[in-house]
Amino acid sequence: QVQLQESGPDLVRPSQTLSLTCTVSGVSITSNGYWWTWIRQPPGKGPEWMGHMTVRGSTYYSPSLKSRTSISRDTSKNQFTLQLSSVTPADTAVYYCARFTETYSYDYWGQGTQVTVSS
């Protein structure tokens, strides 16, 4: 059974870097046909696609976040990580990791983790 689990701090200070890890079980993040994705949902707003990593390790980011976003992976731990730099209170959101498939759908999601940016 495929499972995704986000982990990281729930409070980040303004101007710092937010770092979240998604631990994947039940499938290798190097398996073909999947894109490993980060999505966030600020309070009262819709979900926002942040970026994803392909099975080959290539990354693609939202244009609005590209300058502050980095996605990396540790294949030995079957994890991929989001880093968002220079955070502001506007980055307060529930952050999700998810798997995107060749059928153009998200089939597995983490439970989401609330991150608050505040001094």
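Trainee: How many disulfides does the structure hold?

Mentor: The structure holds one disulfide, and the term means a pair of cysteine sulfur atoms within 2.5 Å. Before we go on, a word on the ground rules: this is a predicted model, where local features need pLDDT of at least 70, side-chain atom pairs count only at pLDDT 80 or more, and totals for chains, interfaces and linings use all residues. Residues are numbered from 1 along each chain as its sequence is written, and side-chain values use heavy atoms, with hydrogens and water left out.

Trainee: Which cysteines form the disulfide, and how far apart are their sulfur atoms?

Mentor: Cys-22 and Cys-97, with sulfur atoms 2.1 Å apart. The link of Cys-22 and Cys-97 is right-handed, with 65° about the S-S bond. Cys-22 lies in strand 3 and Cys-97 in strand 9, so the pair ties together parts that are 75 residues apart in sequence. By the way, helices (H or I, at least four residues) and strands (E, at least two) are DSSP runs, numbered from the N terminus.

Trainee: Is Cys-22 buried or exposed?

Mentor: First the scale: buried means under 20% relative accessible area, exposed over 50%, and partly exposed in between, using a 1.4 Å probe and protein chains only. Cys-22 counts as buried because its relative accessibility is 0%. Cys-97 counts as buried too, at 0% relative accessibility.

Trainee: Now the sheets. In what order do the four strands of the open sheet come?

Mentor: The general idea goes like this: strands of a sheet pair through backbone hydrogen bonds, either parallel or antiparallel. Two strands pair if DSSP finds at least two bridges between them. Here the four strands run in the order 1-3-8-7, with antiparallel pairing. Strand 1 (3-7) and strand 7 (69-74) are the edge strands, each pairing on one side only. On average, neighbouring strands of this sheet are turned by 20° against each other, direction ignored; axes are lines fitted to C-alpha atoms, for helices over the stretch in contact, and angles run from 0 to 180 degrees between N-to-C directions.

Trainee: Over how many bridges do strand 1 and strand 3 pair?

Mentor: Five, in the antiparallel sense, with strand 3 covering residues 18-25.

Trainee: What about the inside? How many residues does the largest nonpolar core have?

Mentor: In soluble globular proteins, nonpolar side chains tend to be buried together. A nonpolar core is a set of buried Ala, Val, Leu, Ile, Met, Phe, Trp, Tyr and Cys residues joined through side-chain atoms within 4.5 Å. The largest one here has 25 residues, and those with the most contacts inside it are Leu-18, Val-24, Trp-38, Phe-80, Leu-82 and Tyr-95. Among the elements giving two or more residues to this core are strand 4 (34-41), strand 5 (48-53) and strand 8 (79-84). Strand 3 supplies the largest share, four residues.

Trainee: Last topic: rings. How many aromatic pairs are there?

Mentor: A pair of aromatic rings is described by the distance of the centres and the angle of the planes. Rings of Phe, Tyr and Trp (its six-membered ring) pair if their centres lie within 6.5 Å; planes under 30 degrees apart count as stacked, over 60 as edge-to-face and the rest as tilted. By this rule the count comes to eight. Tyr-96 and Trp-109 are an edge-to-face pair, 5.8 Å centre to centre with 85° between the planes. They sit 13 residues apart, Tyr-96 in strand 9 (residues 93-101) and Trp-109 in strand 10 (residues 106-109).

Trainee: Why is the pair of Phe-100 and Tyr-104 edge-to-face?

Mentor: Because their planes stand at 70°, with the ring centres 6.2 Å apart. Phe-100 is buried at 17% relative accessible area, whereas Tyr-104 counts as exposed at 70% relative accessibility.
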